[in-house]
Amino acid sequence: MSEERDVHPDCRNASNPYHECTDYCFRVIAEAKLRMQLHHQSVAQASGGSRREEAIPNELYPDEGTHDDGPRPEENSDSEPDQPEPAQENMEDGSFPKLSSRQKKWMELRAKMQEAKKRNQIEIANEKKRMEPPTESRGVSKQKWLEDRKKKIGKLLDANGLDMTKAYMLDTQEAAEEKYKKWDKDPAPFGWDVFNQRTLYNAYKKRTKNIEVDVEEYNRMKEADPEFYRDASSLQYGKAPKISEDKIDKMVQELKDRDAKRGSFSRRRKFNDEKDVDSINDRNEHFNKKIERAFGKYTLEIKNNLERGTALPD
Amino acid sequence: MRICGGAKNKNYGPIQITAEQIVGEARELEESVIHRHHRPPKQKINDGTELGEYRLRKRKEFEDLIRRVGWNVKVWVKYAEWEESQKDFDRARSVWERVLEVDYKNHRLWLKYAEFEMKNRFINHARNVWHRAITLLPRVDQLWYKYIHMENMLGNVVGVRRIFEMWMEWMPERHAWLSYIKFELKYKEIQHARDLFERFVLCHPTVASWIRYAKFEINNGDACSTRNVFERALDKVVAAEDDEEAHKFFVAFADFEASCNETHRAECIYQFALHHHVPKGINC
């Protein structure tokens, strides 16, 4: 080790190569030492316990301490003046110098093992989740969804002594209010009805909200033009007033905004590349998607039976 | 011995092909075609002549396409939008006009054409397009709304009013009238709005329209005119058999009288209502 790091070997983040000890570290170390001494006294009475076993409680910290390391490396400026202190602490306490070489190594190894164990567990759970559904790759039947739901809230239900039918009792007040709002809302029109009277009117209203109403300019125009309130059959239909450039700019900008907004009406779906390929072409794929949308839910059972090879007896 | 066409050995072969394999091979073939063999190389356009050649080629493609699928509006629209992107507005206009010859009833075409003119700042052209559109397809509200919106954005209030008047001659739906009235109210033309409401309740003599009129009077008029409106509406409401609307009307009327502190009149209204209609739970 050519570089000398500003790390106290007793520090709980010592195994982190980027950690530099600060005031906070030293406080923690001091407290730990106090606790250790008390423990040491009790243990010394129980058995001729080796120092190594006492060092073990410290190892619990490296796991938790890994979170704290983020902001610490920035506090470099503080570590220099504190440099002489850890040296002194090392000299004072006779029992602890052993930790500096072997114990530190052991603490590091233990930390790594536990970290690896934790990560393995998480990966196992993820893999299990990933591997299960492909048994029914075409769609999730309602039963499975029900079971999933039961699993999720089953514990809570049992804790409160509720039944599945009373599952709504678990909702908070905010969640309940949102549900009521959803029920009250009219369903959005879809299909051929998208541009019905009401939606056209609402769209128009929304657009006109952005127009500024300039009452003075209006009054000025009123005075300037003798036939301000002209009728549909007025003979002056061809005459158009001078339009200022900035109004035209505004109109063009609004059109461009509308265009941009139009683009965000339907989002791009994620490409699921694990799904079975059942098309020979891009057009074929598109067709299959459409047909799946239309008939998927009716043919789900049939497809699953075919995949399995036999139909189920229910 | 007829072997041709008739296999003697009817067992299945030792090596079977699967559907997945067939599909996979088909896909690979596609990809090799797309990526390696039959795609023309991407060329960069360096100067005017190359640009001219590119345009010529594209135009030829488009014209061939529309000759093949002239009934499909999409290819026409793509052609017109490509010309627009090449900033060749006269050509784009000619393409648009040609489509309209094919199918003038398609309101989407009109919308796109007008939007093309508007985006490229040809205001009078746009006006022309809009006017033709609303003349040919007067019952398509979208065209009216968008034309009005354009004139509104341009601040041409006179134009807006003119278009609205033209529209009202066609006696459109409720929402059209309401948008006209909203427009007048924005510029605080109360008397105008009142006249409009009169025409509105003539055109759509439903209880809902009368209620709307009355609400307007409550907001913008005095008590006298409001009462007048309510009383006139009363005959219509009694004649109409619609209970739901009628009960809403009576509630509105009574609320108004109550807000004018004429509680006696309010009571009379409720009595009257109870006589003539069986209410389904009025909140008194």
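Reader: With which residue does A:Glu254 form a salt bridge?

Author: In this predicted model, A:Glu254 lies in helix α10 of chain A and its partner in helix α8 (residues 197-209) of chain A, so the pair ties together parts that are 47 residues apart in sequence. Both residues of the pair are buried. The closest N and O atoms are 3.2 Å apart, and the partner is A:Arg207.

Reader: Is B:Glu184, which meets B:Arg161 in a salt bridge, buried or exposed?

Author: The N to O distance between the side chains of B:Arg161 and B:Glu184 is 3.1 Å, and B:Arg161 has a relative accessible area of 1%. Because buried means under 20% relative accessible area, the 0% of B:Glu184 makes this residue buried.

Reader: How do α10(A) and α7(B) lie relative to each other?

Author: The axes of helix α10 (residues 245-263) of chain A and helix α7 (residues 141-153) of chain B come within 9 Å and cross at roughly 140°. Since an angle over 145 degrees would be needed to count as roughly antiparallel, the two helices α10(A) and α7(B) are therefore oblique.

Reader: Which residues of α7(B) are met by A:Lys247, A:Lys250, A:Met251 and A:Glu254?

Author: By class, the contact of α10(A) with α7(B) has three nonpolar, one polar and three charged residues. On the α7(B) side, the residues met are B:His149, B:Met150 and B:Met153.

Notes
Residues numbered from 1 in each chain as written. Chains lettered and ligands numbered in written order. Predicted model: local features only at pLDDT ≥ 70, side-chain atom pairs only at ≥ 80, totals over all residues. Heavy atoms only, no water. Axes fitted to C-alpha atoms, helices over the stretch in contact; angles between N-to-C directions. Helix = DSSP H or I, 4+ residues; strand = E, 2+ residues; numbered from the N terminus. Parallel < 35°, antiparallel > 145°, perpendicular 65-115°, else oblique. Contact = heavy atoms within 4.5 Å. Nonpolar A, V, L, I, M, F, W, Y, C, P; charged D, E, K, R; others polar. Salt bridge = Lys/Arg side-chain N within 4 Å of Asp/Glu carboxyl O. Buried < 20%, exposed > 50% of the residue type's maximum accessible area, 1.4 Å probe, protein only.
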